[in-house]
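Thanks, everyone, for making the time this morning. Let me put the model up, and then I will walk through a few places in it.

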Amino acid sequence: MGKATRESYGIALAKLGRENKDIVVLDADLSKSTKTNVFLSEFPERFFNVGIAEQNLMGVAAGLSNVGKIPFASTFAVFATGRAFEIIRNSICYPKLNVKIAATHAGITVGEDGGSHQSIEDIALMTALPNMTVIVPADDKEAMAAVEAASKIDGPVYLRFGRCATEDLYDENYKFEIGKGSTLVEGNDITIIATGMMVSKAVEASRILKEEGINARVINMATIKPIDEEIIIKAAKETKGIVTAEEHSIIGGLGEKVASVVCKYAPTKVEKVGINDVFGESGTPDELMEKYKLTAKEIVFRVKTIL
């Protein structure tokens, strides 16, 4: 098992700080949890703790971007996207400012913190905003690369990180590109398109299906917006259907984005694995993934439903 993507974020931030003096980091009194404390330890003069004031967090980040800085604003996903939504909309996205919102503890794998802290609608909120790029890394190497890529493009970016460790899917040779999906497993019977924590579950599902003679293509869709239409259309045309998998509500998430592309360009059957319009609850991450059917077993079941 590799690192949690929030840990990768902290390491990547410090690396960026050494390379670019314009990188600044803001946090809402959660730096130990978001791992921005790694940056703080090296560059205290470029770190700003605004306290438990997430709307102010985004407003200050917007101001810093206006004077040429590249701010990374961090807190838990539920607070970043929910409590501060209107500030992100009007102060960051509307003027298209160069602010990077790096939200940790996304999805139900926040675990014991319960439904109030489990952000299962943040992708829907952020993708709805004009000018916003939305990235959900699947593992350590991708998270590191995504942070660097986000720092180099001009405009708002939402980076979604998790609390729990994820399996390593990529090595040092992996080249991350914003707006491009990555094929992890080749196959022409069915396609599984997953993001974030669910990518490793998709790979596991492909192994189970392989043993049953079903060749499943697995695509990691790390960029939700702009989504890679080309790789989706190709999969829709070359396989018998698509199963999407995400640690997010099936309303407004990856599944709906994929279905929209398919509907327009290459109609085929689409099944969605995700959270079915309910809130989470307190429990261990593994218990919750099982309860809400965010598993390789469920992906296999949906594949067979199509086939």
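At what angle do helix H10 and helix H11 pack? Before I answer, please keep in mind that this is a predicted model, in which local features need pLDDT of at least 70 and side-chain atom pairs count only at pLDDT 80 or more, while totals for chains, interfaces and linings use all residues. Residues are numbered from 1 along each chain as its sequence is written, and side-chain values use heavy atoms, with hydrogens and water left out.

Helix H10 (residues 229–238) packs against helix H11 (residues 254–265) at about 65°, and their axes are 10 Å apart; helices here are DSSP runs, H or I, of at least four residues, and axes are lines fitted to C-alpha atoms over the stretch in contact, with angles from 0 to 180 degrees between N-to-C directions. On the H10 side the contact, meaning heavy atoms within 4.5 Å, is made by Glu229, Ile232, Ile233 and Ala236, and on the H11 side by Val258, Val261, Val262 and Tyr265. Of these residues, seven are nonpolar, none polar and one charged, where Ala, Val, Leu, Ile, Met, Phe, Trp, Tyr, Cys and Pro count as nonpolar, Asp, Glu, Lys and Arg as charged, and the others, Gly among them, as polar.

Turning to Gly115, you will find this residue in the loop between strand S4 (100–104) and helix H7 (122–127), strands being DSSP E runs of at least two residues. Gly115 counts as partly exposed because its relative accessibility is 24%, which falls between buried, under 20%, and exposed, over 50%, with a 1.4 Å probe and protein chains only.
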